[in-house]
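Could you walk me through this protein, one part at a time? I am new to it and would like a friendly tour.

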Amino acid sequence: MNTDNISIPEKKDRTLLPNDFEVTSWEALKPYYNGLLEREITSANDLQQWFQDRSELEAVISEDLAWRYIKMTCDTTDEQLRESYTEFVTQIQPEIAPFSNELNKKALASPSLDELKNLGGYPILIRELEKDARIFREENIPLQTEAQNEAQNFGKISGAMTVKINKQEMTLQQAANRLQSTDRKVRKKAYKKITKRRLEDKDPLNALFTKLINVRDKIGKNAGFDNYRDYKFTEMGRFDYALQDCVDFHNAVAKEVVPMLNNLAAMRKLKLEVKRLRPWDKAVDPEGNQPLKPFSTGKDLTQKTIEAFGSLDPYLGECIAVMREMGHLDLESRKGKAPGGYNYPLSETGVPFIFMNATSNLRDMVTMMHEGGHAVHSFLTRDLELTNFQHTPSEVAELASMAMELISMDYWHLFFKNEEDLKRAKREHLEQIIETLPWVATIDRFQHWVYENPNHSLEQRVAEWNSILDTFSDNITDWDGLEEEKSHLWQKQLHLYEVPFYYIEYGFAQLGAIAVWKNYRNDPKKGLEGYKNALKLGYTRTIPEVYEAANIKFDFSPAYIKSLMSFVREELDRI
């Protein structure tokens with residue numbers, strides 16, 4: 001596929017705001033909010049135009065915040081970038097919140113609202129507005145600002161973590177590559193260095209988490225909920241499943257997936273011929289092969305991704321090519337960069353930004369497939385009428401990314417010229433799925449306990465974490481002498497600090513992704529078509545309806561999980 005002359009999408013002309021308007025202060029924004037509040041609405045057409053104008057305003061603001069966040073995470077050492085983000089969070093966002101609530105009430109009070117319920121997407125939007133109005137509390141605005149500000153500190157603390165190995169300073173992500181070394185002494189040394197560095201900050205990370213729990217608990221109780229967990233379920237718009245569904249998912253994973261985890265660990269121990277399987281033995285190839293290296297640089301990763309996506313569908317490849325042309329990719333790990341990876345939608349431009357910490361390993365390649373799936377989703381929804389329609393719930397967003405990991409496997413030969421390496425890459429990824437579901441259940445159940453028991457002590461936190469971790473871990477790995485490391489494993493999980501309760505979606509979406517892949521296996525053309533049809537809907541339908549558009553079920557029952565994991569097992573055996 002020729003990607004040299006990909007056309008960059010033009011930004012649409014604005015109708016409410018001047019085309020050259022930039023978000024500089026609340027004072028500059030306030031007249032537009034007042035204008036929307038004071039506008040007379042006498043018909044359904046008036047109301048629809050009002051929604052479109054509000055959507056434009058929110059898209060401009062959302063994109064401004066996005067760039068402030070992106071720039072800050074790309075360089076956590078630059079105080080000006082941090083201050084720019086903090087300025088938005090402390091001086092602009094709190095002013096917007098009460099106006100947004102008033103706009104919600106204005107829309108809900110309009111006699112014309114019923115007439116819009118027949119238009120695609122509006123019933124979903126209306127239930128969101130009703131929910132937001134129901135849980136809004138003025139006194140929560142400063143608390144939400146405080147929580148958002150405090151959460152930044154996780155990136156600052158983590159971004160500063162480096163280790164020296166053989167006199168070479170490296171990020172923890174770079175050091176983690178040594179856990180794939182076939183030399184057990186090298187693995188152990190790297191593991192010890194990484195965990196020692198993490199534990200140096202265990203106290204500030206514990207203190208930060210405790211502070212966040214306390215602030216969030218107040219937010220939940222101010223809104224009339226028993227705890228922050230119940231508040232967050234509502235705030236995240238979990239209309240299509242209940243708390244019990246999460247519990248059922250936990251139990252099903254413990255019953256159906258953890259035994260598979262045990263089998264993998266037992267096989268690993270046998271192949272490595274070790275008396276005790278230790279945590280530093282989990283990433284190395286059990287056959288004694290050198291670590292897979294699917295790409296050499298960020299540029300190489302980008303080009304191969306464009307080719308793989310383009311082989312699936314030329315349009316998908318063009319999406320990544322456009323991002324490259326616009327400079328919307330920052331892929332390589334470096335000192336001072338925040339940890340993790342993300343695809344940040346840019347609501348007005350319609351071309352997202354991918355951020356990650358690549359160090360040339362298989363996991364990084366899969367992360368690019370994952371974030372690339374999110375990016376494709378952004379492109380497929382960019383022309384929907386309202387910004388709200390483009391912003392999907394996580395259960396749908398993660399379906400886009402996790403399904404892409406699997407359906408792209410047919411073109412992984414672009415990353416691996418050697419047939420045995422290709423087979424190994426696919427096998428490792430499918431084994432990773434078996435490991436992912438229990439970890440998702442672990443993090444989710446831990447969060448439930450944390451916010452149900454906000455006044456717990458650090459000792460109780462450690463005890464409960466270990467109990468939950470043991471429930472969803474294999475019983476083969478030996479943690480003897482590593483109790484402290486094990487007790488603080490949760491501290492590496494960004495979601496706990498920055499996006500609470502955003503995690504079980506990975507589990508639900510992983511099941512959906514396996515189902516999409518199963519369809520694709522049976523009929524590639526029809527499977528890909530269903531995947532794209534689901535993504536194009538954005539958030540104009542309920543979650544079950546979006547899944548149905550992909551010809552899959554939104555289901556996390558033990559029987560369904562068992563059937564999907566049996567398919568994964570069959571594919572593993574086939575490889």
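**A tour of the fold**

In S2, the residue that bridges to Ile165 is Gln168. Bear in mind as we go that this is a predicted model. Together S1 and S2 make a hairpin, with two residues between them. In that turn sits Asn166, whose phi is positive, at about 55°.

Three strands form an open sheet here, in the order S3-S5-S4, and their pairing is mixed. At its edges are strand S3 (329-332) and strand S4 (342-344), each of which pairs on one side only. From one strand to the next, the twist averages 10°. S4 and strand S5 (residues 353-358) run antiparallel and are joined by three bridges. If you look for Asn343, you will find it opposite Ile354 in S5. As a general point to keep in mind while viewing, side chains in a regular strand alternate between the two faces of the sheet.

Helices accompany this sheet. Helix H13 (residues 298-312) packs on the sheet and touches S3 and S5; the direction of H13 makes about 120° with that of S3. Helix H15 (residues 362-381) lies across S3, S4 and S5, and H15 runs at about 175° to S5.

Next comes a pair of helices. Helix H10 (residues 228-235) packs with helix H18 (residues 419-452) at an angle of about 120°, and their axes are 8 Å apart. On the H10 side, Tyr228, Arg229 and Phe233 take part in the contact, meeting His448, Tyr451 and Glu452 in H18. Sorted by class, this contact of H10 with H18 has three nonpolar, one polar and two charged residues.

How many cavities of 30 Å³ or more does a search of the whole structure find? The search finds one. The largest cavity has a volume of about 30 Å³. Which residues line the largest cavity? They are Met161, Arg198, Leu205, Gln491 and Lys492. By class, that lining has two nonpolar, one polar and two charged residues.

Definitions and conventions:
Residues numbered from 1 in each chain as written. Predicted model: local features only at pLDDT ≥ 70, side-chain atom pairs only at ≥ 80, totals over all residues. Heavy atoms only, no water. 1 Å grid on protein atoms, 1.4 Å probe; cavity = no way out; pocket = protein on both sides within 12 Å on 5 of 7 lines; lining within 4 Å. Points joined across faces, edges and corners; volume = space filled by probe spheres on them. Nonpolar A, V, L, I, M, F, W, Y, C, P; charged D, E, K, R; others polar. Pairing = 2+ DSSP bridges. Helix = DSSP H or I, 4+ residues; strand = E, 2+ residues; numbered from the N terminus. Axes fitted to C-alpha atoms, helices over the stretch in contact; angles between N-to-C directions. Contact = heavy atoms within 4.5 Å.
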